[in-house]
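Open the model in a viewer and keep the selection tool at hand. The tour goes through a pocket and then a cavity.

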Amino acid sequence: MDIGELLSFKPEATPKRPHEDDIEDLGTTEQPRNRQEENHKRMKRIAQAKEAAEFTKQSEFSSTEAISGVAASLLDPELTEEQRLNILKYVESEEAEGEVLDEQGLKKLLLVFEKKNLKNQELRIKYPDNPGKFMDSELELHDMIQELKAVAAVPDLYPTLVELNGIPSILELLSHPNTDVAVAIVDLLQEITDVDILNESSEGAIILIDALRKQQICALLVQNMERLNEQIREEADGVHNTLAIVENLTEINTAIAYEAAQQGLMTWLLKRLKQKPPYDANKLYCSEILSILIQNNNDNRLLLGELDGIDILLQQLAIYKRHDPITTEEQEYMENMFNCLCSALMAKENRERFLKGEGLQLMNLMLREKKMSRNGSLKVLDHSMSGQDGRENCNKFVDILGLRTIFPLFMKTPKRNKKRLLSADAHEEHVCSVIASMLRNCKGSQRQRLLSKFTENDHEKVDRLLELHLKYLDKLEIIDREINQQSKTSNVGENDEAENNYLKRLTGGLFSLQMIDYIILEVSATSESIKQRVVQILNLRGASMKSIRNVMREYAENLGDDGDTDWKEQEQAHILSLVDRF
């Protein structure tokens, strides 16, 4: 029971002790308690409480008994509020005493740690072929490492730890011949780099991480992982904790993602992903760390491509072409691999590797198989074909008969269930984006084959386009009403607020609407029959062409340059010319 509960505690109501006269009337022989004795005991309890409030300690009681006595004192109705607060302070100071490490204690710990380490090294050099001679010192060193974990509870002491040169001594043991010692060091590092602990002391976190980076911690961790045998449970845990250290460090300082990749972590991760079996717990963590490394760093994406990472990712995903993941963890692993591939394809060079590695063919097969991998393959297709760098992939997708795969998905959105985690809106967004990219990038015969799809079967795909247009136009109107009704935030500038509102509209359906309306403009410009059908349906539904023009003008204004201003200007001019012709 904690102190707050003690203060609010109310004892159960007990029957009143009968009055002496009542006892006599009832004819019972039971005698009342001696009043003097009662008063004496009561005064004694109050005296004990006052002693506790003055922070006097009774050595004859154990700590548990002392706290129990104070707790009982708190319940005494004669105590004033000030006395209760004093007792609470006393209890808190008692609980804290002897548990928190201070600067002097850390110095002693490090001194003993250094001595144990030195003793172990000397014995190992003296008796290299006789483990019995140095085994005891190794056990003592291992126990000392466990004691060092106390520093993780006091991140304010991290600057002292660095100042006393504790970091080089700790990291030195990552290369200890006994992997048990190295794994214990990994466990220690994982605790002291815990994000929640680092957030408690920003100064301590900065000093600690700078010291670790100077010692090239990622390179040392990778060297250690290369010698660990994951068939042994303790060493497999060591690999898991090593990856946790990298995750902790990159969350605090994103620059470490680049350093880690350059110091061998990217190579190790790709090598580990290739190993059998197809899935295990550490493989899942590897996929998460790889995703972190390449998510926002283009240099790391290029490095992944240079290390044949695109082929490795495709090989690992090929397993799920005809088989669904067995567990939810394995499903998460598969989704991580798809996300890694999407991130990697943001680099132009990797799109070429994806094309040569027959990634389009694999994604197309996955879409046809209707397994759980369909969702991820659709996202990958979208990333591989978008923008000016997706031209080759767009033309190739038409050549491998991808239109037969993508248009059935366009005409009918698959129902969402437990296995198909992609929402209907997300599915429609990716499909429309793929078709828009093909209309933007395909030339010659491939473009003609694509456009002919919109006139076949009595313009059924145009009907579907307008159905989606009206659906997302309604969604956007709801979002716009919400934005108009929301109160203005005083601490946000006008530009920031406008940007936040635009992002809210994009995620609320504007992006899908932009892709749909772009397709409408492109196909209407090539065929008079398609344009007539569009106008006819808009009139029937009480909608107007003006809404399409407004959406596309806004799209042109906010078009990103993707690092190429010439392409942006050409694309804007093209969109505005389509709007004028429409």
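A cavity here is a set of grid points where a 1.4 Å probe fits but cannot get out, and its lining residues have an atom within 4 Å of a point. Helices are DSSP runs of at least four residues, numbered from the N terminus. The model is predicted.

**Stop one: the largest pocket**

Select Ser 386, Gly 387, Ser 433, Phe 511 and Tyr 555, which lie nearest the centre of the largest pocket, among 24 lining residues. Two or more lining residues come from each of helix H22 (373–385), helix H25 (424–441) and helix H28 (494–526). Select H28 next: it gives six residues, the largest share of this lining. The volume of the pocket is about 810 Å³.

Now colour the lining by class: eight residues are nonpolar, ten polar and six charged.

**Stop two: the second largest cavity**

The structure holds two cavities of 30 Å³ or more. The largest share, three residues, comes from H15.

The space in this cavity is about 30 Å³. Coloured by class, its lining shows four nonpolar, two polar and two charged residues.

Conventions. Residues numbered from 1 in each chain as written. Predicted model: local features only at pLDDT ≥ 70, side-chain atom pairs only at ≥ 80, totals over all residues. Heavy atoms only, no water. 1 Å grid on protein atoms, 1.4 Å probe; cavity = no way out; pocket = protein on both sides within 12 Å on 5 of 7 lines; lining within 4 Å. Points joined across faces, edges and corners; volume = space filled by probe spheres on them. Nonpolar A, V, L, I, M, F, W, Y, C, P; charged D, E, K, R; others polar.
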